[in-house]
Amino acid sequence: MKRVFWLTAGVAIGVVAVRKVSAMKSAVGPEGLNRAVAQLTDGVAGFADALRQGMNEREADLRSALGIDADPRS
């Protein structure tokens with residue numbers, strides 16, 4: 001009975017190890033690298049958009065405070 005238990009435990013540990021190694025290999029491979037780069041560029045683009053929006057809001061506040069209504073970019 002002990003041998004069956006240890007055999008089953010060994011098989012279960014082996015299956016878990018193979019799944020973990022497969023997941024790590026796919027994360028490190030070209031597909032995983034592509035996903036990481038895509039996530040990074042999406043984050044940078046989102047940050048840049050938020051920064052531009054904040055700059056435009058601040059410029060509008062400053063123009064309003066200084067009484068400048070004409071936008072030179074228009």
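1. A residue is called buried when its relative accessible area is under 20%, exposed when it is over 50%, and partly exposed in between, using a 1.4 Å probe and protein chains only.

2. A word on where the numbers come from. The model is predicted, so local features need pLDDT of at least 70 and side-chain atom pairs count only at pLDDT 80 or more, while totals for chains, interfaces and linings use all residues. Residues are numbered from 1 along each chain as its sequence is written, and side-chain values use heavy atoms, with hydrogens and water left out.

3. Now the overall form. The chain has a radius of gyration of 28 Å, whereas a compact globule of 74 residues would have one near 11 Å (taken over C-alpha atoms, the globule rule being 2.2 Å times the number of residues to the power 0.38). Along the principal axes, the C-alpha atoms fill a box of roughly 90 × 25 × 10 Å.

4. On secondary structure, the chain holds two helices and zero strands. Both kinds of element are DSSP runs numbered from the N terminus: helices are H or I with at least four residues, strands are E with at least two.

5. Helix H1 covers residues 2-28, and its 27 residues reach 39 Å from first C-alpha to last, close to the 39 Å expected. The expected span is 1.5 Å times one less than the number of residues. Is H1 buried or in the open? The number of buried residues among its 27 is zero, so H1 lies largely in the open. Ala23 is found in this helix and is partly exposed, at 44% relative accessible area. From Ala23 to Asp61, 38 residues along the chain, the C-alpha atoms are separated by 50 Å.

6. Helix H2 (residues 30-66) has 37 residues that should span 54 Å, and its end C-alpha atoms are 53 Å apart, which agrees. Just after H2, Gly67 takes a positive phi of about 80°.

7. How many salt bridges does the rule give? The count comes to two, where a salt bridge is a side-chain nitrogen of Lys or Arg within 4 Å of a carboxyl oxygen of Asp or Glu. Arg52 pairs with Asp49, with the closest N and O atoms 2.8 Å apart. These two are three residues apart in H2, about one helical turn. Arg52 is partly exposed at 49% relative accessibility, and Asp49 is partly exposed at 45%.

8. The side chains of Arg63 and Glu59 also meet in a salt bridge, at 3.3 Å from N to O. Both lie in H2, four residues apart, about one turn of the helix. Arg63 is buried, with a relative accessible area of 18%, while Glu59 counts as partly exposed at 26%. An α-helix has 3.6 residues a turn, so residues three or four places apart point the same way.
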